[in-house]
Amino acid sequence: MKNEIFLKCDCSSEVLYIEKDEEYKEFYLAIYRNYDLKEDFFRRLKNAIYYLLTGKRYSDQIVLTENKIKELKNYLETNS
Ligand SMILES: [Zn+2]
C-alpha cells in the first residue's frame, strides 16, 4: 500500500501530493491541478494537451530525503 497524502490548496485549484518511498527513504512532492469540470473549455483542453504530450498531471516534482523532511518539519513547527 502506498504511503501518500493529498492536501487540497485553500484556493481549491491545486492538490499537494506527498508520497514516501520506504525503500529509498525519500519523499516525493508534486502539485496537481485540481480538475474542475466547471472550468471553461479551453482551460480543460490546455490541460488535456499537456497531459497527452507529457503523460504528467503535474508540472514538477520535488524529491526530498529524510534529512530535508526533518528540516521542513522543523520550519513548519517553528512557524505555525
Ligand atoms: Zn491554490
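The legends below describe close-up views of one predicted model.

Residues carry numbers from 1 along each chain, as its sequence is written. Because the model is predicted, local features need pLDDT of at least 70 and side-chain atom pairs count only at pLDDT 80 or more, while totals for chains, interfaces and linings use all residues.

**View 1**
Helices (H or I, at least four residues) and strands (E, at least two) are DSSP runs, numbered from the N terminus. Their order along the sequence is β-β-β-α-β-α. The C-alpha trace spans about 40 × 30 × 20 Å along its principal axes. The chain has a radius of gyration of 15 Å, whereas a compact globule of 80 residues would have one near 12 Å; the radius is taken over C-alpha atoms, and the globule rule is 2.2 Å times the number of residues to the power 0.38. Of the 80 residues, 0% count as buried. A residue is buried if 20 or more other C-beta atoms lie within 10 Å of its own, exposed if 12 or fewer, and partly exposed in between, with C-beta atoms placed from the backbone. Among contacts with a separation of 6 or more, 34% involve residues 24 or more positions apart; a contact requires C-beta atoms, placed from the backbone, within 7 Å.

**View 2**
Confidence is lowest in helix 1 (residues 41–54), with a mean of 80, and highest in helix 2, at 95.

**View 3. The hairpin of strand 1 and strand 2.**
Strand 1 (residues 3–8) and strand 2 run antiparallel and are joined by 6 bridges; two strands pair if DSSP finds at least two bridges between them. Glu4 stands opposite Glu19 in strand 2. The hairpin has 5 residues between its strands. Ser12 lies in this loop and has a positive phi near 70°, though it is a residue other than glycine. Most residues other than glycine have a negative phi. Ser12 counts as exposed because it has 9 C-beta neighbours inside 10 Å.

**View 4. The hairpin of strand 2 and strand 3.**
Strand 2 (residues 14–21) and strand 3 (residues 26–33) are antiparallel, with 8 bridges between them. Two facing pairs can be picked out here: Glu19 is opposite Tyr28, and Lys20 is opposite Phe27. Between the strands are 4 residues. Lys25, in the loop between strand 2 and strand 3, is not a glycine, yet its phi is positive at about 55°. Lys25 is exposed because 11 other C-beta atoms lie within 10 Å.

**View 5. Helix 2 and Tyr75.**
Helix 2 (residues 66–78) has 13 residues and reaches 18 Å from its first C-alpha to its last, close to the expected 18 Å. The expected span is 1.5 Å times one less than the number of residues. Helix 2 is hardly covered, with 0 buried residues among its 13. Tyr75 sits in helix 2 and counts as exposed because it has 10 C-beta neighbours inside 10 Å. From Tyr75 to Tyr58 the C-alpha to C-alpha distance is 25 Å, and the two are 17 residues apart in sequence.

Note on methods:
Contact = placed C-beta atoms within 7 Å. pLDDT = per-residue confidence, 0-100.
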